[in-house]
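Keep the sequence and the coordinates at hand while reading.

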Amino acid sequence: MITKDITEAIQQALKDLGVRTSEAELTHPAELSHGDYSTNVALIYAKELKMKPKELAERLLQGLTLNLQKGQTFVSRVEIAGAGFINFYLSKEFFANAVREVGDDFGKNKIRAGEKIFFEHTQPNPFKEFHIGHLMNNIIGEATSRVLEWNGAKLMRATYHGDVGLHVAKSLWGLRRMEPKMLDISVLGRAYAMGNEAYEADIAAKQDIIALNKALYAKSDPKLMKLYEEGRVVSLEHFELLYKKLGSSFDIHFFESEAGEVGSKLVREAIGSVFEESEGAVVYKGEQDGLHTRVFLNSEGLPTYEAKEVGLAQLKRKKFAYDRSITVTANEQNDFFKVVEKAVEKLFPELKGKLQHLSHGVLKLSTGKMSSRTGTIISAESLIEQVKKLVKAKVEEPASAQGSGLARREMSEKEKEELSEIVAIGAIKYSILRQAIGGDTIFDFEKSISFEGDSGPYLQYSYVRAKSVLEKAKEVLGVADVVDVVDVGNVLDARHLTHIQHVQPTTLERLLCRFPEVVERAGKEMEPHYITTYLTGLAGTFNSWYAHEKIVDASDPTSPYKVALTSAFSIVMKNGLWLLGIGVPTRM
RNA sequence: GCGCCCGUAGCUCAAAGGAUAGAGUACUUGGCUUCGAACCAAGGGGUUGCAGGUUCGAGUCCUGCCGGGCGCACCA
């Protein structure tokens, strides 16, 4: 490992100068012109050795150069810069070897090998709309879980559906009023809106709905249960279609109905130990942990979301002996989860330290907060459709309006349709995954969905372009399979060594090598946006390089190497986009 | 009121205590007879909310203030 070699060389050099604790930090400088690796040890240890940082750096440099030569590493140059940083530049040979390593599994690591994770995300409620908040959760959840898997973890993916509760009673109340001939997702949405409105405005209706809710939990009314089952199935089928469209799948589906039953029992049994009765309800006093009190069973004796979460914890631990259980939700539930996790840990002490709440920001419209009350709620499906329409218009632009209409003009209507969906979903996913998950995403229909620059389509386009170049290379260079035949090492061996020495490694190679580290960091911090940021920088580098280099050229002896670089780029881009859950088109 | 989170370019966001705080967008220009122009190149744009402190070094850590978001008993 190159980092190990360099770090050890630094540590040895420090030791030789009499430094006792030789911790050596080796990082990539933010600025690529400052080299491939950098260490700040001269700044850190200057005080201890009573030297100026630059003076220490000079002394270290001498030792370092010797140590590195001994180890036959691929460092071409070591320099002192700035306040006393020591910068390392890797050689052409190093990159040539590294690029050869790029394959389908490039980016995977074993940091979390053996770790079993229960990973829950996407908690939509049957009878209600799958709105853009659920969409955001699903996109973040899917990307994060893929990243964790590439870090070696074994995952059990779960979704959790709120199939009982007041919201369902509201919908059923609405359905009884509407008496629709046929149930579909839009009817359910309207029924909920009707019930919700009545609940707020009409006291008699409110009481009806509360009674319905109770009957629902008790399963006491066969006719009601029939309507309920029908609506539940319609909702769940709709969710499945969306999951398929979004490319996310689950190993297990949990339901609040089952979690509620299990949770009620557990909470009731623990009254007096973990929970206590208060004002007719059963609560957990969070004040003992510096938190606040929450209701687990309401005064009707029904389980609240809290008790359901207790039941869910039980269902999960029975299902899978996990090392860690991660639940992804929006950050408005942060304090809720703090209290519930404490209560769950008291009930099941062996879960202590294993429960983790991963929270993200909310999806906001530029016009204001999404709200079902003001009617500004937007379903995931309608958002996808709206963006898809914009993409389709772009796809159907006449060739003359664009520099490259040819590939797309030849597309059938079906291909255009499929392409529009891949690009639209990619654009939406990108706009959410481009930033740290904790922050809110501002969604502006007019501006936010841009297909240029910092966007999903930019990455997809770069990939398609690279693939197109590779196709050309097959024809012109007479290569059957570019990836197999173009052997970077052989190409380099065939050239004069003096020539190699004059060729500087390009930014493209330097960035390509960093992909595995990026995946590792994204996994450690559970932040997929590191991958997004990296891919965007990489695509920019590739596009710029592309604009300045003729890649496929039979008369150019370095052409195969450039083709190999292009191939490596396309693989990294494909792998990175897969981790984000963004599809790659073949043409666009 | 209490708790948690957040204030970075006009806008949307990056930045592992490090070097000249970076991208995209918008604006102004230039570039398709060429491997795909959903692209590339160039330019201006900043007291990182304010005030102290810690550190060789602070957008990042600590304290106080200002501004915003979320949560705080029978919704999920």
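Begin with Lys50, which is found in the loop between α2 (41-45) and α3 (53-70). The model is a predicted one, and what follows is computed from it. Lys50 counts as exposed because 8 other C-beta atoms lie within 10 Å, and the cut-off for that class is 12 or fewer. The backbone of Lys50 has a phi near 55°, a positive value in a residue other than glycine.

Glu179 sits in the loop between α6 (166-178) and α7 (185-201). Its phi is also positive, at about 45°, although Glu179 is not a glycine. Glu179 is classed as exposed because it has 6 C-beta neighbours inside 10 Å.

Val41 is in helix α2. It counts as buried because it has 24 C-beta neighbours inside 10 Å, where 20 or more are required. Leaving out residues up to four places away in sequence, Val41 touches Ile10, Leu14, Ala24 and Leu60. Val41 and Asp444 are 403 residues apart in sequence, and their C-alpha atoms are 46 Å apart in space.

Ile6 has its place in helix α1 (residues 2-16). With 26 C-beta neighbours inside 10 Å, Ile6 is therefore buried. Asp323 is 317 residues from Ile6 along the chain, and the C-alpha atoms of the two are separated by 35 Å.

The sheets can be taken in turn. One is an open sheet of four strands in the order β1-β2-β4-β3, with antiparallel pairing. Which strands stand at its edges, and why is one side of each left without a neighbour? They are β1 (26-27) and β3 (75-81); each has a single partner strand, so one side of each has no neighbour in the sheet. For β3, one pairing is with strand β4 (residues 85-90), in the antiparallel sense and over six bridges. Within this pairing, Ala81 has Phe85 in β4 as its bridge partner. In a regular strand the side chains alternate between the two faces of the sheet.

Parallel pairing is found around strand β11 (residues 324-330), which pairs with strand β12 (residues 355-360) in the parallel sense over six bridges. How does the chain get from β11 to β12, and which hand does the crossover have? The chain passes through helix α12 (residues 334-347), and this β-α-β crossover is right-handed.

Strand β11 has a further parallel partner: four bridges join strand β5 (residues 116-120) to β11. In that pairing, Glu120 stands opposite Thr327 in β11. As for burial, β11 is mostly covered, with five of its seven residues buried.

Among the helices, α16 (residues 456-477) can be followed along its length. It has 22 residues and reaches 31 Å from its first C-alpha to its last, close to the 32 Å expected at 1.5 Å a residue. Its buried residues are Gly456, Pro457, Tyr458, Leu459, Gln460, Ser462, Tyr463, Ala466, Leu470 and Ala473. An α-helix has 3.6 residues a turn, so residues three or four places apart point the same way. Ser462, Ala466, Leu470 and Ala473, which are among the buried residues of α16, can be viewed with that spacing in mind.

Now step back to the domains. The domain assignment of chain A gives domain 1 (2-90), domain 2 (121-250) and domain 3 (380-580). Between domain 1 and domain 3, four residues of the one are in contact with four residues of the other. On the domain 1 side that touches domain 3, the residues divide into two nonpolar, one polar and one charged.

Last come the totals for the chain. Chain A contains 23 helices and 14 strands. Of its 588 residues, 40% are buried. How much of the contact set in chain A, counted at a separation of 6 or more, comes from residues 24 or more positions apart? Such residues account for 74% of those contacts.

Key
Residues are numbered from 1 along each chain as its sequence is written. Chains are lettered from A and ligands numbered from 1 in the order in which they are written. This is a predicted model: local features need pLDDT of at least 70, side-chain atom pairs count only at pLDDT 80 or more; totals for chains, interfaces and linings use all residues. Domain bounds come from an automatic or database domain assignment. Two residues are in contact if their C-beta atoms, placed from the backbone, lie within 7 Å. Ala, Val, Leu, Ile, Met, Phe, Trp, Tyr, Cys and Pro count as nonpolar, Asp, Glu, Lys and Arg as charged, and the others, Gly among them, as polar. Helices (H or I, at least four residues) and strands (E, at least two) are DSSP runs, numbered from the N terminus. The expected span of a helix is 1.5 Å times one less than its number of residues. Two strands pair if DSSP finds at least two bridges between them. A crossover is right-handed if, with the strands pointing away from the viewer, the path from the first strand over the helix to the second runs clockwise.
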